[in-house]
Amino acid sequence: MEPDSQQRSFSIKLWPPSQNTRQTLVERMTNNLTTKSLFTQKYGTLDREEAEENAKRIEDVAFATANLHYEKEPDGDGGSAVQLYAKECSKLLLDVLKRGPGRKEDEVVTSSHTTTPHESVFDISKGKRAFIEADEAHELLSPLKDPGNSFTKICFSNRSFGIGAAQVAEPILTSLKDQLREVDLSDFIAGRPEAEALDVMKMFSSALEGSVLKSLNLSDNALGEKGVRAFGALLKSQKCLEELYLMNDGISKEAAGAVCELIPFTEKLKVLHFHNNMTGDEGALAIAEVVKRSPSLEDFRCSSTRIGTEGGVALCDALGNCTHLKKLDLRDNMLGTEGGVSLSKALSKHTELREVYLSYLNLADDGAIAIVDALKESAPQLEVLELSGNDITADAAPAIAACIAAKQFLSKLNLSENELKDEGANLISKAIEGHGQLKEVDISANQITRNGARQLAVTVVQKDDFKHLNINGNFISEEGIEELTDIFKSSPDVLGPLDENDPDGEDIDEESEEGDADELESKMKNLVVD
């Protein structure tokens with residue numbers, strides 16, 4: 001009996017799986033949905049964003065189902081739960097594969113084993129935006145008071161809480177805070193006087209203080225510095241936060257300083273979104289400190305935040321510490337050439353990058369060249385590249401083309417609103433010839449004429465899975481439009497509208513075009529792809 005006794009003492013629990021195991025499974029399912037296989041060849045591949053969204057949902061549902069099963073195994077080692085977990089993931093993954101791309105918002109991944117009492121998400125955001133007072137709060141929030149509920153995520157977005165409603169919510173949230181992992185309080189004080197809004201925020205902050213959240217969304221609340229500090233108790237208590245959303249929150253330089261001060265624990269932060277704020281250069285210095293303390297960052301969005309060169313350089317330098325970055329969005333700031341060069345140094349360290357959004361940064365040729373040169377040597381799995389509206393001319397086209405040619409996983413390319421002309425368009429066409437996963441190209445408003453448009457069209461029309469070519473807003477002649485229509489006669493939906501094309505935008509000199517051919521051919525010969 002002694003050996004059996006010892007064996008029981010050292011038995012291993014197979015359930016629950018570690019967070020790392022769960023994340024690995026999500027990544028594996030995402031790859032299954034985006035790469036070619038018998039199923040995707042038949043039903044179509046999903047783009048990365050849609051695939052990842054579905055994979056996360058599949059894993060969440062399968063985990064909840066298996067965990068419920070495990071709770072009914074009083075002395076089990078979790079083996080049957082693991083089997084159910086794998087079975088549910090396979091079944092739900094197959095359902096998504098058969099459904100194909102273009103998931104509708106009302107289609108939800110569900111498990112046949114899931115039961116209502118173990119629902120994990122409580123969401124009151126559906127329907128019209130509305131004020132909520134005490135009486136309605138009692139009714140709306142009543143499911144949260146049910147004994148033994150399994151809610152781990154709450155979403156109060158799109159409902160404006162007054163003092164009365166907050167007083168109803170406060171004790172409920174206090175009782176739930178130990179089980180909550182995701183809290184969405186975006187747009188939950190709209191239209192309230194400042195004093196009342198601040199009091200409501202303080203009440204929610206106090207109720208949730210000490211919770212161990214994975215995700216916190218405080219977007220669309222016009223916080224400013226006062227609002228950030230109203231959430232101070234909650235923010236300072238978060239030591240395991242992985243996702244933080246502060247979009248459209250009136251984050252000024254003072255508010256950015258408060259964010260830096262009140263969020264000291266960012267080692268586990270993976271997602272940080274600051275879109276559409278008035279941060280400016282001084283605020284960017286504070287945000288740069290947060291970024292510098294966030295080595296695990298995977299998804300950083302700081303678009304439309306009024307950042308100039310000084311703040312941009314500091315922010316880009318800080319991004320050099322975030323070597324696990326997968327998605328970067330700095331659109332609509334004024335970083336300039338100097339900021340672009342600084343960013344290129346950080347990008348050279350980002351081997352895991354998949355999506356890069358760098359439109360409207362005033363990069364000019366030198367900034368753009370520095371960035372694409374860095375990306376060419378790093379980011380082997382890059383899927384999305386956006387560089388629109390950066391005053392990029394044909395002089396930068398060889399460097400851009402060399403970078404693009406090296407990115408075989410590229411699915412979306414946006415170079416719109418630049419000055420690439422035919423010379424640049426032809427180099428880009430050559431660079432994307434062998435890209436089987438490319439689905440979208442936007443090179444609109446680039447002073448392209450018939451010649452450049454034809455080369456792009458001939459290149460992309462041969463790609464089986466290609467979805468959309470946008471060459472609107474260029475200088476294509478009437479004959480060129482007819483030629484494009486003929487090229488896409490078998491797939492007219494692939495060619496975007498041409499209603500903003502200006503056939504008289506540039507005089508077409510056939511001899512000049514022929515004279516430029518030798519120079520273009522010479523540049524193509526010098527195009528080196530590692």
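These notebook entries record what I looked up in a predicted model of one protein.

**Entry 1. Ground rules and confidence**

I number residues from 1 along each chain as its sequence is written. Because the model is predicted, I require pLDDT of at least 70 for local features and 80 or more for side-chain atom pairs, while totals for chains, interfaces and linings use all residues, and side-chain values use heavy atoms, with hydrogens and water left out.

I first looked up pLDDT, the predictor's confidence in each residue, from 0 to 100. The mean for the protein is 88, and 88% of its residues reach 70 or more.

**Entry 2. Overall make-up**

I find 20 helices and 15 strands. These are DSSP runs numbered from the N terminus: helices are H or I with at least four residues, strands are E with at least two. Of the 530 residues, 51% are buried. Buried means under 20% relative accessible area, exposed means over 50%, and partly exposed lies in between, with a 1.4 Å probe and protein chains only. Among contacts with a separation of 6 or more, 85% are between residues 24 or more positions apart.

**Entry 3. Nonpolar cores**

Which residues have the most contacts inside the largest nonpolar core? They are F156, F204, F300 and L330, in a core of 124 residues. I take a core to be a set of buried Ala, Val, Leu, Ile, Met, Phe, Trp, Tyr and Cys residues joined through side-chain atoms within 4.5 Å. Helix α8 (residues 194–208) supplies the largest share of this core, eight residues. A second, separate core has 21 residues, including V26, A51, A81 and L93. As background, nonpolar side chains tend to be buried together in soluble globular proteins.

I then listed the surroundings of F156. Beyond four places in sequence, F156 touches F122, I124, L141, L144, F161, L173, D184, L185, S186, F188 and F204.

**Entry 4. Aromatic pairs**

I count nine aromatic pairs in the structure. Rings of Phe, Tyr and Trp (its six-membered ring) pair if their centres lie within 6.5 Å; planes under 30 degrees apart count as stacked, over 60 as edge-to-face and the rest as tilted.

Why is the pair of F122 and F156 edge-to-face? The ring centres are 6.4 Å apart and the planes stand at 80 degrees, so the pair takes that label. F122 is in strand β1 (residues 121–123) and F156 is in the loop between β3 (153–155) and β4 (159–161), so the pair ties together parts 34 residues apart in sequence. Both F122 and F156 are buried.

The pair of F161 and F188 is tilted, with 6.2 Å centre to centre and 50 degrees between the planes. F161 belongs to strand β4 and F188 to the loop between β5 (182–184) and α8, 27 residues apart. F161 and F188 are both buried. Ring pairs join F122, F151, F156, F161, F188, F204 and F231 into a cluster.

**Entry 5. Cysteines**

How many disulfides does the structure hold? I find zero, taking a disulfide as a pair of cysteine sulfur atoms within 2.5 Å. C89 counts as buried because its relative accessibility is 5%, and C322 because its value is 0%.

**Entry 6. Two serines**

S215 is found in strand β6 (residues 215–217). Its relative accessibility is 7%, so S215 counts as buried. S215 touches R181, E182, V183, L241, E243 and Y245 beyond four places in sequence. S215 and E243 are 28 residues apart in sequence, yet their C-alpha atoms are 4.5 Å apart.

S411 lies in the loop between α16 (397–405) and β13 (412–414). S411 is buried, with a relative accessible area of 19%. Outside four places in sequence, S411 contacts E383, V384, Q437, L438, K439 and E440.

Helix α17 (residues 421–431) is mostly covered, with eight of its eleven residues buried. Among them are D422, L427 and I428.

In helix α7 (residues 163–176) I looked up A165, which is buried at 0% relative accessibility. A165 touches I132, E133, A134 and A137 beyond four places in sequence.

Note on methods. Contact means heavy atoms within 4.5 Å.
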